[in-house]
Structure formats: structure tokens, C-alpha cells
Amino acid sequence: MLTVSLDHLSPLARSVLKMNVTDAYTTLVPTGSGNTEARDALSGATPAQMLSSAPVNGDEAAAILSGLYLWHDLLDESHKVSQSLNTTSGSMWHAIMHRREGDFSNSKYWYARCENHPLLPTLAAQANEVINPFPADVQVLKLTHNGWDSDAFVDLVQRVHKTPDDPRYKLAVALQQLEWRLLFDHCTRAASGK
């Protein structure tokens, strides 16, 4: 389970995060239609409704909404939001969404558009903590060799998403969750101005 800063989120965003919290975001490439309870709760929601006070950055508030959709495997809804954002956070959610739908080359395209996102150094450092308990593997070592390598992560997910028994699958899920949490926290802080 992920720990996410809830300080600036609205009651709606908090309740959506808590839905199906045990199973949410545990699949690399989901095949279902996503969590219908979360879809219903977010239906018609606006970016401004994601925070407990008026956002200081509307694009980052929209990015929160995109992240909530992704948290519950609502890929089409997340795509609609992230596609409308011309920010590095929007591009990153866009890249993640394409990776999760299995469109790996398109994911790499969008990751290239956010290669300077301010959360990447933190992601690299924290990813090493997640990676260290796993056996050494050339593909895994590429992930943080020179900072966080999003393309190497897409390659890893592409290799293991159909083989949940592969130990690297569990690692990829843990890294996917770390990436989500860090990006979601970044967007929440940027949207709230805190």
C-alpha cells in the first residue's frame, strides 16, 4: 500500500484514493475497464475539486485528476485529461498511461517530453531503495545507472507484464507505485502552492 500526502486534497480526492486501496495500481498493464466506483465518483469532477482550497496551478490540479484515474486503471479517462496538458507533469501522466495500456513506444515518446521533470532525481534515489533487495539483473541495473531511466523502465514492464511469476514483475509493480506516488505528491504540492 502506498502512503500519499493527503494534507491538501479534497474529501472527494481522499475518498477516491481509499477505494479498493489494497488492489489499486497493482497491475502493470490492466486489461479490464477499471474501477467503476471510482469512475462514478470522478464523473463530472473538475480539477479544482481535487484540492481542499482553490488551486494556484490549474494544470497541476488537472494532473491530480489524471493520476486518480490511473490509480484505478481508468486509462481512457486519464488519457483525456493528460492529453490536454502542455506541462511536464501532464506529459509524465500521459507516458505512464501509454505504458500501462501496453503502447510502449508511445510511452517512450511522452517520457522524452518530460525528461527534465523535477521529480526524476528523487525517483532515481528512491528506486534504488526498492531495487536493492532484488537479485542483480542487467535490465534492472539500467533503471538507475545514470539517474532514473524511463525508457529502461518501459522496457522492463514490456518484458515482464505477461509473466507475474517473474520476480521482476513484483519489482516493476513496486517501482510503478513509487513513480505514481512521487508524481501525485509533486502535482498536489504544485497545484496547492505548498
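Me: What joins the side chains of Arg 168 and Asp 137?

Reply: Side chains of opposite charge can pair when their charged atoms come close. Here Arg 168 and Asp 137 form a salt bridge at 3.6 Å, N to O (a Lys or Arg side-chain nitrogen within 4 Å of an Asp or Glu carboxyl oxygen). Arg 168 sits in helix H10, and Asp 137 in the loop between helix H7 (120–131) and helix H8 (138–141) (helices are DSSP runs of H or I, at least four residues, numbered from the N terminus). The two are 31 residues apart. Asp 166 joins both in a network of salt bridges.

This is a predicted model, where local features need pLDDT of at least 70, side-chain atom pairs need 80 or more, and totals for chains, interfaces and linings use all residues. Numbering starts from 1 along each chain as its sequence is written, and side-chain values use heavy atoms, without hydrogens or water.

Me: Are Arg 99 and Glu 179 buried or exposed?

Reply: Both are buried (under 20% relative accessible area; exposed is over 50%, partly exposed in between, with a 1.4 Å probe on protein chains only). Their side chains form a salt bridge too, at 2.9 Å, N to O. Arg 99 is in helix H5 and Glu 179 in helix H10, 80 residues apart.

Me: Which residues does Trp 93 touch?

Reply: Trp 93 is in helix H5 (residues 88–101). Its relative accessible area is 0%, so Trp 93 is buried. Beyond four places in sequence, Trp 93 touches residues including Ala 63, Leu 70, Trp 180 and Phe 184 (heavy atoms within 4.5 Å). Ala 63 is 30 residues away in sequence, yet 7.3 Å away in space, C-alpha to C-alpha.
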